[in-house]
Amino acid sequence: MDKQILDVRGMTCAACAQRIEKIVGKLPGVGQASVNLASEKLFVEYNPDTVALNDIKKAVDKIGYEVVEKSDAQNVTIPIGGMTCAACAQRIEKVVRKLEGVESVNVNLATEKATIAYHPQTVRLSAIREAIEKIGYQVLNVTKENAADEDRARKQKQIRTLWTKFIVSAIFSLPLLYIAMAPMIKGVSLPFPAGLNPMNFPLIYALVELMMVLPVIGVGYRFYTVGFKALWQRSPNMDSLIAIGTTAAFSYSLYNVFQIAAGHFSAVDSLYFETAGVIITLILLGKSLEAVSKGRTSEAIKKLMGLAPKTAIVLQNGDEKEIPIDEVEIGDIVVVKPGSSIPVDGTVIEGHTSIDESMLTGESMPVDKKAGDMVYTASLNTTGTVRFRAEKVGSDTALAQIIKLVEDAQGSKAPIAQLADIVSGYFVPVVVAIAMIAGIAWFFGTGGDLKFALTIFISVLVIACPCALGLATPTAIMVGTGKGAENGILIKGGEALETTHKINTIVFDKTGTITEGKPTVTDVIPMGTQDADGLLRLAASAEKASEHPLGQAIVNGAQAKGLELLAVEGFQSITGQGIEATIGGQRILAGNRKLMEEKKISLASGEVDSDRLAGEGKTPMYVAVDGQLSGIVAVADVVKKSSRAAIESLHALGIEVAMITGDNRKTADAIARQVGIDRVLAEVLPQDKANEVKKLQAEGRKVAMVGDGINDAPALAQADVGIAIGSGTDVAMESADIVLMRSDLRDVPTAIDLSKRTIRNIKQNLFWAFGYNVIGIPIAAGVLHLFGGPLLNPIFAAAAMSLSSVSVLTNALRLKRFKAKTQEGKEN
Amino acid sequence: MKKNTKILFAAGAAVVVIALLVVVFQMVGGNLDVVGKQSVASFDAVLQAIPDQITADDTNGGWSLLAPDGTVRFIWSKDYSKSPLHDVMLELDAKPFVDAGLDTTKLPSNYASFDGMLMVGTKLGNEEFKYSDAMTPLSSYEQIVKNYRASINYHTALDHYGVKLGDGNMFEWAKDMTKISATGKDQDKDIVFVLNPEPLIAAGVDPAKVVGWVYAQVPVEENGKTIQVYKFLKPFNIV
């Protein structure tokens, strides 16, 4: 299955998003279609053998929305010197167009600039530059547009257009409202032109109102083109409600203009032009504010995108040359000077410096880097000049992976959002039905008062606009996941977000999660013919081929003492137990109690020491030679400083904390006591970790598993929420629902806290979105009026609807104030 | 929406709007003052309904419309350059008001008292009118519509036109003497003589004691708003 993200234009509310999902989802070969209204993207998973991407685009176009073709061509503007006439411009165009990979070129003689669209994978910018310079022209500073700049420009244009429309409509609708309302306001005598007196000059009055409302309808034309089209296709949306309501008001008023012309002057009391005009104006105001707020909700992605530098200094033939970042290739030697950002991912080959990785991980302390250390895109080189070999460029860099992960997360739906979608799909048709029933009922109930019935009809349509409903969830998810990314917490989707807030049990892997994962040898207790160094050398030699951290610790311990390791003739790793090796003809076993018991090695002579060591939180590794216990090498892994604090925070959130380890029970219990673990699952084989998680789930618990993502992949996948910590590897990102960039356990309660707050925010948004509708519809339908209560003027209904959208967005933006408790502590 | 489609749509909309305006203009014969225009037709209907009550009034240089009971008449001038007193006025029997306590010496300057009659009205202008056709009661009324349009008003609730005589005094007549167009009910007040009671009360009249005039609250237009005020009314159903 292929996955694509398509930009979709023209959506106005949840009903539009749902309609697209429904239509695309129905196409054969489409596995999944999900629309994010806030970011205007369609995320689609499809089988390219069954359905072409073009067919998907056509299906969306057919129902009235625009799929914006995103060419992967890069746009660049090149100032060119030396042109003298049109022939020069044409010559440059001809030469550049011939280069393979150039999509289009346009040279403007007047501005002396060439605008070129090209595919960076096929042709380098330097090749284009060379081609131009070869025919005798000079290439000056190049300006390249990137996706973030283009997106920003488009959003700004959208905001400007909406504001312009709002201002134009307000210029006409405010005086229109004054003319309509001034004569009606009791107790206050407002200035009013005598020539517009509705009693004495009803036709002039009506025509002036008509002329003033027409420009408003003009700038609001989209409500009609989209709304009626959706209605025609039996999928009415928010625009349909506005279109029906304002058209009813306008048409009835127009009818009354003719009535006045025919001599029925009392029809001047039945003009509703100001209702139509003000409704459109207020909804445009709501849309403008929405567009501004939406821009802010997606700031996290834009910020991330903007972190990457645009150029890099590479060594070419021994010389340092500054080139666009897209031209850096794997294997290039990149030079980074102090104060510059790292342009691509790679490994340091020369130099020594400190790198500030806070923009990626949130870790404020600069990290020392030397030869052999990895450096990452967008991190900041602070002190020294380094040279590194580029290993990951373009979309493979850690930054690009993070951006993609956050983008995907923002496009995904939380289950609660899907519920909102289902409701919104039925909402509009139900509202139209309520409006019609209420209108008809009041028409007959008032003995044929068409004016009253029409007011009811329009009010119900307008107050019921589900404008805010479509924004309620995605805006909160966008801000929440964006905030997480700022704090080094990558949440992979709306579903992960929603499940995380329900977690009541967390299982931590011990080694590398609760502990530093760098065990060291603490005790060497010989019991046979070997002395301590001899025992250590034997064990280290046997463990040399082992990948296990405990084995590596023994090897490091021996190397630290300068002990020369022995040659190993045979080696076998026994998962969950230890290793078996042959050294100098001797059969060496090194491992835990299980291994010794299986191999029938008596541990009687070592029980006292091993119990003592385990009680101290150390892991005793038994070493047996030719079937006899030869000694114990104890290895201990230091508990992370943040572990205790993190577990306390989790307890404060009401979460039970468990620890899972292959270590023996005594050692595990000792570690658990140190950090406050509630439940210990010890002596668990790696392949059984997932089962342990399953057992906890069988108790009815919602379980999160925290591990490094590499060794714990099955357990992470089994858990309700898998949290990979301190790893930005592909495997971690694949298997985990949440990826914590730092190795700080305190990010776990932070992630859970963020999740709870985001879900709470979504619920608040849904309340605001629905609340106006639920309270407003009965009032608008005249239910209160039946008992002598108030009616809802259509203009107030429109104001309430704009307010609901603004309320939802403002509430979502409150999430931006989220601070990790560790951050709050530091600030205090 | 593509640019060409937008342009076409806008052009289409413009054509529709222009067509609508043309239709409206044609309906009203190019005269947007539908109230003024229709008031002439309605006034003519009144004149035709009571031809015996319509006479020339040489004393006042105008025309007179006498109430069916003979106690009050509406007078409108033919030539404002020659009106001796007012251009538009009511002349009424003073006796009901005198009997109710009126001291005519305390009446304001827009009132004149002569021979047991009260005259109240206003001067609209001083011009000599040019008549294209014959000088008739209707054409003299038309001059008011044409030159002093602000003196003519229409009231929706009562479905009445009226000539303002100054200081809250009016002569009103029904737009349609058969029914009230707003409600569809019968029109039983085809013509109404309307007096502002305040100067009369200030001059000593006890409204409760006035015979032959109804003292009641009626809706009137003020600054585009409808307010309720007390008036002395003498309505007649002539058809």
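This is a predicted model: local features need pLDDT of at least 70, side-chain atom pairs count only at pLDDT 80 or more; totals for chains, interfaces and linings use all residues.

Me: Which residue does A:Arg665 form a salt bridge with?
Reply: A:Asp669, with the closest N and O atoms 3.5 Å apart. A salt bridge here is a side-chain nitrogen of Lys or Arg within 4 Å of a carboxyl oxygen of Asp or Glu. A:Asp669 is partly exposed, at 25%.

Me: How many salt bridges over all chains?
Reply: The structure holds 38. One of them joins A:Glu607 and A:Arg593, closest N and O atoms 2.9 Å apart. That pair links distant parts of the chain, 14 residues apart: A:Glu607 is in helix H21 and A:Arg593 in helix H20 of chain A. A:Glu607 is partly exposed at 27%, and A:Arg593 is partly exposed at 29%.

Me: And what about A:Asp744?
Reply: A:Asp744 meets A:Arg746 in a salt bridge, 2.9 Å from N to O. A:Asp744 counts as buried, at 15% relative accessibility. A:Arg746 is partly exposed, at 32%. There is a network too: shared partners join A:Asp523, A:Asp609, A:Arg612, A:Glu616 and A:Lys618.

Me: New topic. How many residues of chain A are in contact with chain B?
Reply: 28 residues of chain A contact 27 residues of chain B. Contact means heavy atoms within 4.5 Å. The area buried between the chains is about 2,500 Å², and carbon and sulfur atoms give 70% of that. Buried area is the accessible area (1.4 Å probe) that two parts lose on being put together, summed over both.

Me: Which three residues supply more than any others on the chain A side?
Reply: A:Met199, A:Asn200 and A:Phe265, with 26% of the area that chain A buries against chain B. Among elements, H6(A) gives the most to that side, with six residues. By class, the side has 21 nonpolar, six polar and one charged residues. Nonpolar covers Ala, Val, Leu, Ile, Met, Phe, Trp, Tyr, Cys and Pro; charged covers Asp, Glu, Lys and Arg; the others, Gly among them, are polar.

Me: How many salt bridges cross that interface?
Reply: Zero by the rule.

Me: What does chain B look like in helices and strands?
Reply: Five helices and 12 strands. Of its 239 residues, 48% are buried.

Me: Back to chain A. What is phi at A:Asn317?
Reply: Near 55°, a positive value in a residue other than glycine. A:Asn317 lies in the loop between strand E10 (311–316) and strand E11 (319–324). A:Asn317 is exposed, at 80%.

Me: And phi at A:Lys600?
Reply: Near 60°, also positive in a residue other than glycine. A:Lys600 sits in the loop between helix H20 (593–598) and helix H21 (607–615). A:Lys600 is exposed, at 71%.

Conventions. Residues are numbered from 1 along each chain as its sequence is written. Chains are lettered from A and ligands numbered from 1 in the order in which they are written. Side-chain values use heavy atoms; hydrogens and water are left out. Helices (H or I, at least four residues) and strands (E, at least two) are DSSP runs, numbered from the N terminus. Buried means under 20% relative accessible area, exposed over 50%, partly exposed in between (1.4 Å probe, protein chains only).
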